[in-house]
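Open the model in your viewer and keep the selection tool ready.

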Amino acid sequence: MGNTIFTPCRIGPVELRNRSIRSAAFENMCVDNNPSQQLIDYHTAVARGGIGMTTVAYAAVCQSGLSFNGQLWMRKEIVPELRRLTDAIHAQGAKASIQLGHCGNMTHRSTCGQKPIGPSSGINLYSPTLVRAMTEKEILQLVDDFGNAVALAKESGFDCVEIHAGHGYIISQFLSPYTNHRHDKWGGPLENRMRLMNMVIEKALQVAAGDIAVIVKTNMYDGFKKGMQVDECIQVAQQLERLGADALVLSAGFVSKAPMEVMHGAMPFKALTHYMDTKKYWWLKAGIGVAGRMMVPTVPYSDLYFLPTARKFRNALKMPLIYVGGVTSKEGMQQVLDEGFVAFQMGRTLVRDTDFMNKIRDGEESCSKCGHSNYCIGRMYSLEMKCHSCIDNLPKRLQKEVCELESKNKK
């Protein structure tokens with residue numbers, strides 16, 4: 001076994017001080033889609049805690065791509081605040097990345113300012129709202145929106161952009177036969193379904209111009225029968241390698257269909273509904289109360305849960321790959337590096353403790369105290385992402401739920 005966790009690594013033009021990356025776990029820390037001091041403070045704390053690179057999550061490339069008011073919306077007027085963010089991260093010795101995406105059909109008119117759009121018309125049951133199929137003009141504009149967002153990221157001092165092509169967001173919606181029912185050049189065979197992805201990555205690389213890294217988060221599988229399976233997702237990854245992406249982040253799951261495939265474990269429904277705005281989301285709160293487990297089934301948690309599938313992608317590709325999924329210990333970190341991954345990402349571990357990497361380096365800890373109750377995920381849809389251990393006076397019913405779910409994960 002090697003000892004490479006704290007050795008530098010290069011991803012495209014960027015050199016990280018070590019192999020750790022804070023994953024693009026949604027913070028919900030923006031105010032009216034603008035950067036907040038809370039967002040700056042959180043990522044500064046992660047950088048101070050020893051991470052190699054921290055990723056600002058889920059920034060929408062245009063207004064139609066917004067899912068939450070607490071989400072970033074990339075536009076010229078926020079560049080000065082984003083520059084404050086990246087300067088603060090750099091001052092702590094870490095690199096700064098930003099995830100760029102578009103939610104596609106997973107939003108509501110009240111949030112995105114228009115009827116939600118996607119590759120095909122249909123109904124988004126999670127809003128609930130009707131969805132309109134995008135025109136070719138809109139698809140081409142979306143490619144430009146991604147390019148503009150990359151340009152703004154460069155101007156804001158980011159070292160890397162992470163294009164979100166997984167989890168059932170817009171690029172993933174075009175890739176998946178579950179959401180793409182088009183009969184034109186944007187749908188049908190995989191070659192057509194990859195067309196939007198191809199154009200977005202080509203545009204991103206063109207705008208990045210080798211000055212910042214372009215990595216892509218892509219699915220290894222969607223997590224259900226009618227979605228993308230491993231073999232087809234390997235073909236997508238091989239195409240991303242041909243396009244020249246600097247690295248891939250290998251994930252899985254589809255937020256609107258198989259959300260727990262993304263992070264594994266159970267959804268903490270008591271926490272989810274406790275913080276939910278009853279007036280705004282009464283229908284969702286009622287639906288969860290009746291059929292929560294059917295809507296969001298549990299996927300058993302284990303450390304390094306994506307590794308068996310990620311190995312198949314490692315064997316099929318030569319490009320740098322970044323592992324994500326259940327990295328909670330020094331032993332797990334080293335294992336994925338020994339298996340040929342250039343770096344690893346962590347999300348919930350760094351919600352639990354922003355100083356985790358320093359503690360690993362200094363020998364103070366060898367394993368995260370995160371119990372993977374997913375309280376932070378349930379809370380995230382209404383308030384800022386935060387670990388239950390940081391909440392004063394947590395209601396007893398939520399304390400009980402956390403204990404029950406953490407106990408199940410230990411079995």
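Start with Asn219, which stands opposite Ser251 in β11. This is a predicted model, where local features need pLDDT of at least 70, side-chain atom pairs count only at pLDDT 80 or more, and totals for chains, interfaces and linings use all residues. Residues are numbered from 1 along each chain as its sequence is written, and side-chain values use heavy atoms, leaving out hydrogens and water.

Select 213-219 and 247-251 next: these are β10 and β11, paired in the parallel sense over five bridges. Strands here are DSSP E runs of at least two residues and helices H or I runs of at least four, numbered from the N terminus; two strands pair if DSSP finds at least two bridges between them.

Now pick Leu100 and Ile163. Of the 115 residues in the largest nonpolar core, these two touch the most other members. Such a core is a set of buried Ala, Val, Leu, Ile, Met, Phe, Trp, Tyr and Cys residues joined through side-chain atoms within 4.5 Å.

Finish at His372, in the loop between α15 (356-361) and α16 (375-380). Is His372 buried or exposed? His372 counts as buried because its relative accessibility is 7%, the limits being under 20% for buried, over 50% for exposed and partly exposed in between, with a 1.4 Å probe and protein chains only.
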